[in-house]
Amino acid sequence: MSADLSESAVPPSTESGESPSGPSRRTVIATGVVVGGAVVAGGTFLAGSEEASAAGAAPSSRVSLTVNGTRRTVTVDNRTSLLDLLREHLDLTGSKKGCNAGACGACTVLVDGQRVNSCLTLAVRLGGAEVTTIEGLAKGDELHPLQQAFIDEDAFQCGYCTPGQIMSGVGCIQEGHTNSPEEIREYMSGNVCRCGCYVKIVRAVELTAARK
């Protein structure tokens with residue numbers, strides 16, 4: 001095989017006999033790729049910085065409300081739920097975070113006497129409201145009648161859902177929905193007990209309502 005290059009493979013020479021001084025096509029393409037990548041990366045970095053700044057400057061508000069008889073004023077992110085306000089800002093951890101979607105009732109508290117799922121309730125909407133949590137039911141060492149009934153009837157096992165069950169039961173009694181076990185079950189149906197203590201829970205609510 002001949003080692004000579006074919007005429008088409010030999011780069012054309014200039015009139016002066018010198019090699020071309022301008023950049024080759026390959027150099028231009030490679031430079032464009034590098035510069036373009038730097039621009040894209042820079043844009044991504046700037047966008048990320050702007051998003052981080054925006055996240056760090058989330059709007060907040062001062063909220064004043066009465067919790068278990070005590071007036072409390074707290075500055076919170078406008079997206080803060082009542083549940084997180086109670087647990088993270090006021091250190092009232094009796095209300096439990098179960099599903100965090102309003103489906104289990106473990107976070108039930110009373111707002112102005114009405115049952116609410118605190119995980120679905122925005123704290124900033126409760127200015128001036130009165131909130132009662134499981135910590136606020138007892139009077140010193142004297143338990144609320146429904147708390148005592150839960151003990152007497154052994155209406156819990158793991159206890160995780162118990163604060164929400166008791167708060168919902170108190171609301172159920174105040175609303176007058178305790179005329180029969182069937183009615184109690186209906187109006188307590190938003191509170192899930194994964195241990196399956198429903199019969200005893202209903203019994204505790206029924207007995208407490210009868211003694212009222």
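1. Burial terms. A residue is called buried under 20% relative accessible area, exposed over 50%, and partly exposed in between, with a 1.4 Å probe and protein chains only. By this rule Ala-103 is exposed, because its relative accessible area is 55%.

2. Basis of the note. This is a predicted model, in which local features need pLDDT of at least 70 and side-chain atom pairs count only at pLDDT 80 or more, while totals for chains, interfaces and linings use all residues. Residues are numbered from 1 along each chain as its sequence is written, and side-chain values use heavy atoms, with hydrogens and water left out.

3. Overall architecture. The chain contains 6 helices and 5 strands (DSSP runs numbered from the N terminus, with helices being H or I of at least four residues and strands E of at least two). Read from the N terminus, the order of elements is α-β-β-α-β-β-β-α-α-α-α. Of the 212 residues in the chain, 32% are buried. Among contacts (heavy atoms within 4.5 Å) with a separation of 6 or more, 53% are between residues 24 or more positions apart. The accessible surface of the chain, by the Shrake-Rupley method with a 1.4 Å probe, is about 13,100 Å², and carbon and sulfur atoms contribute 52% of this surface.

4. Helix H2 and its packing. Which residues of H2 are buried? They are Leu-82, Leu-83, Leu-85 and Leu-86. These buried residues pack against strand S1 (60-67), strand S2 (70-77), S3 and strand S5 (130-132).

5. Positive phi angles. Asp-91 follows H2 and lies in the loop between helix H2 (82-89) and strand S3 (108-111). Its phi is positive, about 60°, although Asp-91 is not a glycine. Asp-91 counts as exposed because its relative accessibility is 61%. A second residue other than glycine, Asp-112, has a positive phi near 55°; Asp-112 is placed in the loop between S3 and strand S4 (114-117).

6. The cavity. The structure holds 1 cavity of 30 Å³ or more. A cavity here is a set of points, on a 1 Å grid over the protein atoms alone, where a 1.4 Å probe fits but cannot get out; lining residues have an atom within 4 Å of a point. Grid points are joined across faces, edges and corners, and the volume is the space filled by probe spheres set on the points. The largest cavity holds about 30 Å³ of space. Its lining includes Leu-83, Lys-96, Lys-97, Gly-98 and Asn-100, together with the cysteines Cys-99, Cys-104, Cys-107 and Cys-119.

7. Ala-103 and the region around Asn-191. Ala-103 lies in the loop between H2 and S3. The C-alpha atoms of Ala-103 and Asn-191 are 7.8 Å apart, although the two residues are 88 residues apart in sequence. Not counting residues up to four places away in sequence, Ala-103 touches Gly-190 and Val-192.

8. Leaving aside neighbours within four places in sequence, Lys-200 is in contact with Glu-153, Asp-154 and Ala-155. The C-alpha atoms of Lys-200 and Asp-152 are separated by 9.8 Å.

9. Two further salt bridges. Within helix H6, Arg-203 forms a salt bridge with Glu-206, with the closest N and O atoms 3.4 Å apart. Arg-203 is partly exposed at 39% relative accessibility, as is Glu-206 at 25%. The side chains of Arg-79 and Asp-77 also meet in a salt bridge, at 2.7 Å from N to O. Here Arg-79 is exposed at 62%, whereas Asp-77 is partly exposed at 24%.

10. Nonpolar surface patch. Leu-143, Ile-151 and Phe-156 make a nonpolar surface patch of about 230 Å². Patch residues have over 30% relative accessible area and no salt bridge; like charges are joined within 9 Å, and nonpolar side chains (Val, Leu, Ile, Met, Phe, Trp, Tyr) within 5 Å. Phe-156 is placed in the loop between helix H3 (145-152) and helix H4 (162-175).

Terms used. Salt bridge = Lys/Arg side-chain N within 4 Å of Asp/Glu carboxyl O. 1 Å grid on protein atoms, 1.4 Å probe; cavity = no way out; pocket = protein on both sides within 12 Å on 5 of 7 lines; lining within 4 Å.
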